[in-house]
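Dear colleague,

I am passing the structure below on to you, and after it you will find an account of what was found in it.

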Amino acid sequence: MSEHTVLDALRSSLTGSLLRPSDDAFDQARLPWNRAIDQRPAAVATPADIADLRLLLQAARDSGAPIAVQPSGHGASGDLAGAIIVRMAAFDQLDIDLTDGVAVVGAGVAWGRVVEALEGTGWAAPAGTSPVVSATGYTLGGGHSWFSRTAGLGSDNLRAAWVLRADGTHDRVDDDSDPDLLWALRGAGGLVGIVTALEIELVRTPDLWGASLVFDAADSAAVLRAVRDLAVDAPATLNVFVNSMRLPDAPQLPAEIRGQSFLSVQALSVDGAAEALLEPVRRAAALRRAQAGPTSPLAVGEQSNEPTDPSPSRGAAVALASFDDATIDSLTRFHAGPEQWPIIGIDIRMLGGALDAPRRPGFASLRSAAWMLHALTPLFPGAPVESGDTSLAAFRDLLSPFAASTTLPTFLAPHQTLELCASPGDVERLRALRALVDPERLLHEGRLPR
């Protein structure tokens, strides 16, 4: 049966919706969050329930068009030609058990809703910095958060999942019932089943404290050395992000930061004030601005200033095994260079702590890494794309000699594959498991190396 015939029949059978390229709303529906990525699927489906998902599996079987679940459009690779993109908005369950510190989160739920529901409870979600990212997509890709030094990756906190398998069965899966499937779901995405909900362990935060220290860009090397030295003895209760910002003189930006360059250090402690630990960082250079005090998960999320509207951008990430003086000097000179103007921000995250000893087995891991760096080049209207790509390539080249053996799936660029995130043996284990649970290849192969 032809793809056209199968998908037309599917449209009339679904309780939810199915859009095809001839439909007026298709071009908007096919767009991922990052507008710089062009997706040209065969259809975009929004299933209403499990029955709809089973119909989609049958359509994939009959038409040869694989299913690619993309809840909120984040993490898109662009390689979905001929696939059926599935949006999971209807799967909006959110149940929170404050006694045991567990949340059941539907595949269509964004982190912002979970964070808001936990405000004032003494618990936090192991959520990413963006409130609009799908909790499921983030967790299945590994996911690094403000709480990762304390509680591990998002995938480390995955206790169980409700999975629709390629054979149409739908059940709850945990480490006792199917440890291989859970291992794959902790980082390799939806390659082995369609996840409809997750059971996630929450983070206990009885005494949350935060600090933000802002320095002149000229002092970046000295401050980064102080942060690097802090990492040696920092307890797992302390989480630190550094941002090297070089903002253009663009009218879209607030006047107080337009055209400014600066370095900010943001710290989050789940065990009360950490002033003494941060004192060497404070003394590393003259402060432009500082604030510290009790905080909350919601306030931390707002402080991240993540965009809440889709926009085009490109980025590059490198996980580092070490961060010595020479690397720090090279990085600060690089970002200050006039030819690197397209890179607005370089995000530097302290790893270690709970990341060095995952509580649960999973495909994703940052055990080999001590730092995660990410460079961002937003694409403003009319700005040349090529210069940004050149800067990102130079960023990768600068840091590649110091790269850790693996990185995190949620930090992969569109063209990168899972071979960068695990050993060859683990990639082959994933291939074998996928062949076992989805022999007909009804699910899109995602970021598996071709």
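**Phenylalanine 363 and the cores**

Leaving aside neighbours within four places in sequence, phenylalanine 363 is in contact with Trp183, Ala184, Arg186, Gly187, Ala188, Leu418, Cys421, Ala422, Asp426, Val427 and Leu430. Please keep in mind throughout that this is a predicted model.

Phe363 also belongs to the largest nonpolar core, which has 40 residues, and is listed there with Val105, Trp111, Val114, Leu185, Leu418 and Leu430 as one of those with the most contacts inside the core. At least two residues of this core are supplied by each of β6 (102–106), α4 (111–118), α5 (135–140), β8 (158–164), α7 (179–185), β10 (194–201) and α13 (424–437), and the largest share, 5 residues, comes from α7. Apart from this core lies another, of 38 residues, which includes Ala226, Phe334, Leu392 and Leu399.

**Two helix pairs**

Helix α8 (residues 220–233) and helix α9 (residues 275–282) have axes that come within 8 Å and cross at roughly 150 degrees; since angles over 145 degrees count as roughly antiparallel, α8 is therefore roughly antiparallel to α9.

**An open sheet**

There is also an open sheet of 4 strands, in the order β1-β2-β4-β3 and with mixed pairing. Because β1 (17–19) and β3 (67–69) stand at the edges with a single partner strand each, one side of each is left without a neighbour in the sheet. On average, and with direction ignored, neighbouring strands of this sheet are turned by 25 degrees against each other. The pairing of β1 with strand β2 (residues 43–46) is antiparallel and runs over 3 bridges, with serine 17 standing opposite threonine 46 in β2.

With best regards

Key. Residues are numbered from 1 along each chain as its sequence is written. This is a predicted model: local features need pLDDT of at least 70, side-chain atom pairs count only at pLDDT 80 or more; totals for chains, interfaces and linings use all residues. Side-chain values use heavy atoms; hydrogens and water are left out. Two strands pair if DSSP finds at least two bridges between them. Axes are lines fitted to C-alpha atoms, for helices over the stretch in contact, and angles run from 0 to 180 degrees between N-to-C directions. Angles under 35 degrees count as roughly parallel, over 145 as roughly antiparallel, 65 to 115 as roughly perpendicular and the rest as oblique. A nonpolar core is a set of buried Ala, Val, Leu, Ile, Met, Phe, Trp, Tyr and Cys residues joined through side-chain atoms within 4.5 Å. Buried means under 20% relative accessible area, exposed over 50%, partly exposed in between (1.4 Å probe, protein chains only). Contact means heavy atoms within 4.5 Å.
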